[in-house]
Amino acid sequence: MSRYKAYPSYKETRHSWLENVPAHWKMLPLKFLTAQHVTDGPHETPEFIDEGVPFLSVDGIQNNQLVFEGCRYISREDHARYSIKCKPNQGDVLLGKAASVGKVAHVDTDIEFNVWSPLAVIRPRSEKTGRFIYYSLQSALLQMQCDMYSNANTQKNLGMSTIDNLAFACPTDDEAEQVASFLDHETAKIDALIEKQQRLIELLKEKRQAVISHAVTKGLNPNAPMKDSGVEWLGELPAHWQIKSLRYLGNCQNGINIGAEYFGSGYPFVSYGDVYRNDTLPIQVEGLVQSTHTDREIYSVRTGDILFTRTSETVDEIGFSAACLQTLENATFAGFLIRFRPNTTEVAVNFAKHYFRSTLMRSYFVQEMNLVTRASLSQDLLKRLPVPLPPENEQLEIAEYLDAKSRVFSKLTSNAETAIQLLKERRTALISAAVTGKIDVRDWQATA
């Protein structure tokens, strides 16, 4: 913050979490900055309908913005009834007071909607103070108060009187408007940089998948003679490669189904998440289950195995795979998974790790999936999966090439994620400094 000047003079506060503020600022509870006491939505569960008045809870706030896409709806009658107590208006500030305490959004839309009880509605006393309140609620010091006063019996929540009495560092209304204008401008620049880094991460993922898909279907020699694979989505393969259905390369086994009371202690247990999040199974998994010796034989996890996600709420989460590069002693795996165990040396596990995780598999499974109420990958569909088979030495070369490429992509992705984290920290620090008077922006003017 060295590029910004401080105020000429400061005075001490009585708050341990904020040492001082500019000499002409005041420390006031939120209720002195609002037109009325903080309100919240109904504490009952409404009857939701397909179309009607949008009805938001804390999940309706994402990245400090209101999100109506995919929201719930209530009837006009319920909206009119709930509006007697609480009806958000343009210019209000919404604060998550339960479940996700501290989520904040400024109502900058004239869309008519209502809110559930986990959201508090704050009505500023003037337009000039509205966005200042919005930014103050995002500052580190206000978040500290939220954490300090949250009632965490089962989940964090803020009482209405607690919100009314949250302490704010308050300049004049005109100065509050200037601080908000400064933060609108500066945070927009930071948000744009964050968006660029997020887009870079998406491009890196796409590029990585394109490199993998090309290598596992076309090989590394661009001059190799090609042949038609006979499979539309695979296209041409190198002429010397074979292609076989998975059923001729090994056996499939669904995972263990066991009561919830058996989890939490016992032997290692490979969960759905262990497979969904990783292309290689962790050497040590967190899950534990009280499995029998027979269970550990039938549902074992050995070097060379490939586990696939079998069932989920959506087809987008089906068919993700993770390769086992090292036997997990005494482990079993979840019923929501399928284990493929090769019975031939035709498939090198390091090659399979990349092939089965490629976007080609995603398109195959999505196209062929039988989606009823839950998406489910059947063994029969998995066994029909065509697998290109280069010679073993070529499989190893492709795997080594893709491992090296993946390390590069992972490093670039990690750098972008670090940049995003630093930008977010800078954003929070800038907001905190501005709304507590650590920097003087009274003479600030927006530049092009």
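Which strands form an open sheet of three, and in what order? You'll find out in View 1, after two notes on the model. This is a predicted model, in which local features need pLDDT of at least 70, side-chain atom pairs count only at pLDDT 80 or more, and totals for chains, interfaces and linings use all residues. Residues are numbered from 1 along each chain as its sequence is written, and side-chain values use heavy atoms, with hydrogens and water left out.

**View 1**
The three strands run in the order β8-β5-β11, and their pairing is mixed. Strands and helices here are DSSP runs numbered from the N terminus (E, at least two residues, for strands; H or I, at least four, for helices). Two strands count as paired if DSSP finds at least two bridges between them. β8 (72–74) and β11 (114–115) sit at the edges with a single partner strand each, so one side of each has no neighbour in the sheet. Helix α1 (residues 76–83) packs on this sheet and touches β5, β8 and β11, where touching, or contact, means heavy atoms within 4.5 Å. The direction of α1 makes about 85 degrees with that of β8. Such angles run from 0 to 180 degrees between N-to-C directions, and axes are lines fitted to C-alpha atoms, for helices over the stretch in contact. Look for the three bridges that pair β5 (residues 53–56) with β8 in the antiparallel sense; V53 faces I74 of β8.

**View 1. Ser117 in its loop.**
S117 sits in the loop between β11 and β12. Is S117 buried or exposed? With 13% relative accessibility, S117 counts as buried. The cut-offs are under 20% relative accessible area for buried, over 50% for exposed, and in between for partly exposed (1.4 Å probe, protein chains only). Apart from neighbours within four places in sequence, S117 is in contact with D40, G41, P42, H43 and K97.

**View 2. The largest nonpolar core and helix α2.**
This core has 41 residues, and I122, L137, I163, F168, F182 and L183 touch the most other members. A nonpolar core is a set of buried Ala, Val, Leu, Ile, Met, Phe, Trp, Tyr and Cys residues joined through side-chain atoms within 4.5 Å. Among the elements giving two or more residues to it are β12 (119–122), α2 (127–136) and α3 (140–149). Zoom in on F168: leaving out residues up to four places away in sequence, its contacts include M27, L28, I133 and L142. Helix α2 is largely enclosed by the rest of the structure, because seven of its ten residues are buried. Those buried residues of α2 are T129, G130, F132, I133, Y134, Y135 and S136.

**View 3. Helices α5 and α11 side by side.**
The axes of α5 (residues 173–218) and α11 (residues 392–435) come within 10 Å and cross at roughly 170 degrees. The two helices are therefore roughly antiparallel; the cut-offs are under 35 degrees for roughly parallel, over 145 for roughly antiparallel, 65 to 115 for roughly perpendicular, and oblique for the rest. By class, their contact has 26 nonpolar, five polar and nine charged residues. Here Ala, Val, Leu, Ile, Met, Phe, Trp, Tyr, Cys and Pro count as nonpolar, Asp, Glu, Lys and Arg as charged, and the others, Gly among them, as polar.

**View 4. The four-stranded open sheet.**
These strands follow the order β17-β24-β20-β22, with antiparallel pairing. β17 and β22 (321–323) are at the edges, each with a single partner strand, so one side of each lacks a neighbour in the sheet. From one strand to the next, the twist averages 20 degrees. Three bridges pair β20 (residues 306–309) with β22 in the antiparallel sense, and L307 has A322 as its bridge partner in β22.

β18 and β19 (residues 287–289) run antiparallel and are joined by four bridges, with L288 of β19 as the bridge partner of P268. β18 and β23 (residues 332–333) run parallel with two bridges, and F269 stands opposite T332 of β23. Y262 lies in the loop between β17 (250–254) and β18 (263–270), and is partly exposed at a relative accessible area of 35%. Beyond residues up to four places away in sequence, Y262 touches L288, V289 and Q290. N330 belongs to the loop between β22 and β23. Although not a glycine, N330 has a positive phi of about 65 degrees.
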